[in-house]
Amino acid sequence: MENPYLPEDYFEDTKKVFGNDPRLEQVLYGKFISVGDKVFDHKTVLEAAVEMEEFVPFVSGHRYIVALDTAIGEDELVITVLDWTDKPFRIVRSSGKKGNSQSPGLHLQDLTDIFEHYNQEQSVSIILEVFNGEAMHYYYNMPENMRVKTRTFGSGRVIGTTKKTGQVDRKEDILIAGRRLLDAKEIQFSNKLRKLIQQMANYTQKDERIKTDWVISFCLACWYATEGQPKNSTIQPVSVNW
């Protein structure tokens, strides 16, 4: 039986990649296959997937994080919006498009439209994945009001908390943040987000064939909400005697 939630091209591309591999059932239909190196526990993923709308509009008084996992070629550029006003946090919007489906400028416009919708009370922070050079295009071409609210994460980090000597932004850190929120039952998302659920079901860092775009965007938002904030948020006036 075909999966009605997946676009036809995704189904065909995935079949070509996995062939007769039994994990095809897991990737396309969300069936969990028990293996020892999975990052996420299937029970906590299913508990977090609740009956709610995929798109929850802006709510006055709420705080939002917009997380962007950039992409080139056939990979998907995924935008995740996290409402982190109260726990459990909630994914209130997610969207994904192949990197080569439109120009970088149109991808940036999609991000801008989402930012402006949720930033009606200046309550949005952006976390941008910069593990590849393509991501830098989005940062440097953002409107100024977006760029000043953006934290970058990855080997190409250009803004954010100061690194200690030898410190690097590790993909493992954002995965751990996502898993912690799931294990603590402190995050929820729509059970209609089939790509996110299927990628979580299949996620292992040892197989480069597996698509991970939705997982990375989700975990970026989780990391920013739990680990990515400045440790000292107190603003102290400084006077200088010239």
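**Surface, fold and selected residues of the predicted model**

The accessible surface of the protein comes to about 12,700 Å², and carbon and sulfur atoms account for 50% of that area. Accessible areas were computed by the Shrake-Rupley method with a 1.4 Å probe, and for residues only the protein chains shown count as cover. The model is predicted, and local features need pLDDT of at least 70, side-chain atom pairs count only at pLDDT 80 or more, and totals for chains, interfaces and linings use all residues. Residues are numbered from 1 along each chain as its sequence is written, and side-chain values use heavy atoms, with hydrogens and water left out.

The protein contains nine helices and seven strands. Helices (H or I, at least four residues) and strands (E, at least two) are DSSP runs, numbered from the N terminus. Of the 242 residues, 46% count as buried; buried means under 20% relative accessible area, exposed means over 50%, and partly exposed lies in between (1.4 Å probe, protein chains only). Among contacts (heavy atoms within 4.5 Å) between residues at least 6 apart in sequence, 63% join residues at least 24 apart.

Helix α4 covers residues 104-118. The expected span of a helix is 1.5 Å times one less than its number of residues. The buried residues in α4 are H107, L108, L111, T112, I114, F115 and Y118. They cover an arc of only 165° around the axis, so they lie on the same side of α4; the arc is that of the directions from the helix axis to the C-beta atoms. An α-helix has 3.6 residues a turn, so residues three or four places apart point the same way.

The structure holds eight salt bridges, a salt bridge being a side-chain nitrogen of Lys or Arg within 4 Å of a carboxyl oxygen of Asp or Glu. One of them joins K97 and D110, with the closest N and O atoms 3.1 Å apart. This pair links distant parts of the chain, as K97 is in strand β4 (residues 89-98) and D110 is in helix α4, 13 residues apart. K97 is partly exposed at 36% relative accessibility, and D110 is partly exposed at 24%.

A salt bridge is also formed by E51 and K192, whose closest N and O atoms are 3.3 Å apart. E51 is in the loop between β1 (49-50) and β2, while K192 is in the loop between β7 (187-190) and α8 (194-202), 141 residues apart. E51 is exposed, with a relative accessible area of 65%, whereas K192 is partly exposed at 28%.

In the pair R180 and E227, the closest N and O atoms of the salt bridge are 3.7 Å apart. R180 belongs to helix α7 (residues 171-183) and E227 to the segment after α9 (213-226), 47 residues apart. R180 is exposed at 53% relative accessible area.

D69, in strand β2 (residues 64-69), is buried yet has no salt bridge, and the nearest side chain of opposite charge, K171, is 6.7 Å away. Lys and Arg count as positive and Asp and Glu as negative, with His and the chain ends not counted. Leaving aside neighbours within four places in sequence, the contacts of D69 include E76, E129 and D213.
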